Amino acid sequence: MLSLLFKLGKKKPTLEDTVLQIQDGDQQMQNTLIDQYKPFVAKTVSSVCKRYIDERDDEFSIGLIAFNEAIEKYSTEKGSSLLAFAELIIKRKVIDYIRKEARNAQTVNIDLQEHEEGEASQSKIEADLSIEEHQKLIEQEQRREEIIYFQKVLQEFGLSFSELMEQSPKHMDARQNAIKVAQILIEHDELKRILFTKKQLPVKQLETLVSVSRKTIERNRKYIIAMTIILSGDYIYLKDYIRGVLQS
């Protein structure tokens, strides 16, 4: 009876628990998990390609490799579920693949035109402009996907993107100081653990480590949390924003 009660009360492992076990070296479980989530990979890749994707498509293979990479890179300090993290990585890798393929196709087309005509033509100029425009569209898509992922992570901390925009420090020096607080936080593993497990800023502990007052930390709490999430995660474009603030 006691053993039955123990089994009934035992917590079912989460997907994230499974991934952490895989990272400890369980190769068989890794293969099983990848096979189990092939439909998720196909659906995610399809959302980027805007068409049905099956296992015969090159894009699916790229997505599968990306999902495996997400499994290996995931940590609880990413501040999100594995699937949200994997979705970002898959979309980023597939977009990169599409961009590379488009660039190669354009290059071959231009080389053929030059070979046929002996010199650069108007069509080459148009092709160059087309590549540039395509690159801009791809970058916009990557930036959009990154912000969508960031919004999902913010929700786990009880924050919204619009709320963050409204309550960000108004002055540049205040934003810089808040980012420096975030940088100090991620340098201390225990403080980072508190933030990502309890979803709360360890204000009391931070106060002893930084040069700003507790009142200032409290006032900029949401912005500091957001900056810590970015600095700790896989955010290409949002990290550019932080570098821009610090260099201003």
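A residue is called buried when its relative accessible area is under 20%, exposed when it is over 50%, and partly exposed in between, with a 1.4 Å probe and protein chains only. The structure is a predicted model, in which local features need pLDDT of at least 70 and side-chain atom pairs count only at pLDDT 80 or more, while totals for chains, interfaces and linings use all residues. Residues are numbered from 1 along each chain as its sequence is written, and side-chain values use heavy atoms, with hydrogens and water left out.

The chain contains 14 helices and 0 strands, where helices (H or I, at least four residues) and strands (E, at least two) are DSSP runs numbered from the N terminus. Of the 248 residues in the chain, 42% are buried. Contact is defined as heavy atoms within 4.5 Å. Among contacts between residues at least 6 apart in sequence, 64% join residues at least 24 apart.

E59 belongs to helix α5, which spans residues 58-73. With a relative accessibility of 14%, E59 counts as buried. Leaving aside residues up to four places away in sequence, E59 touches V45, C49, R51, I53, V94 and Y97.

Helix α4 (residues 38-49) packs against α5 at an angle of about 120°, and the axes are 9 Å apart. Axes are lines fitted to C-alpha atoms, for helices over the stretch in contact, and angles run from 0 to 180 degrees between N-to-C directions. The two helices α4 and α5 are therefore oblique to each other; angles under 35 degrees count as roughly parallel, over 145 as roughly antiparallel, 65 to 115 as roughly perpendicular and the rest as oblique. On the α4 side the contact is made by K38, F40, V41, A42, V45 and C49, and on the α5 side by E59, F60, G63, L64 and F67.

Aromatic pairs are rings of Phe, Tyr and Trp (its six-membered ring) with centres within 6.5 Å; planes under 30 degrees apart count as stacked, over 60 as edge-to-face and the rest as tilted. By this rule there are 9 aromatic pairs. For Y74 and F85, the ring centres lie 6.3 Å apart and the planes meet at 55°, so the pair is tilted. Y74 lies in the loop between α5 and α6 (82-117) and F85 in helix α6, 11 residues apart. Y74 is buried, at 4% relative accessible area, and F85 is buried, at 1%. One aromatic cluster is formed by Y74, F85, Y149, F150, F161 and Y235.
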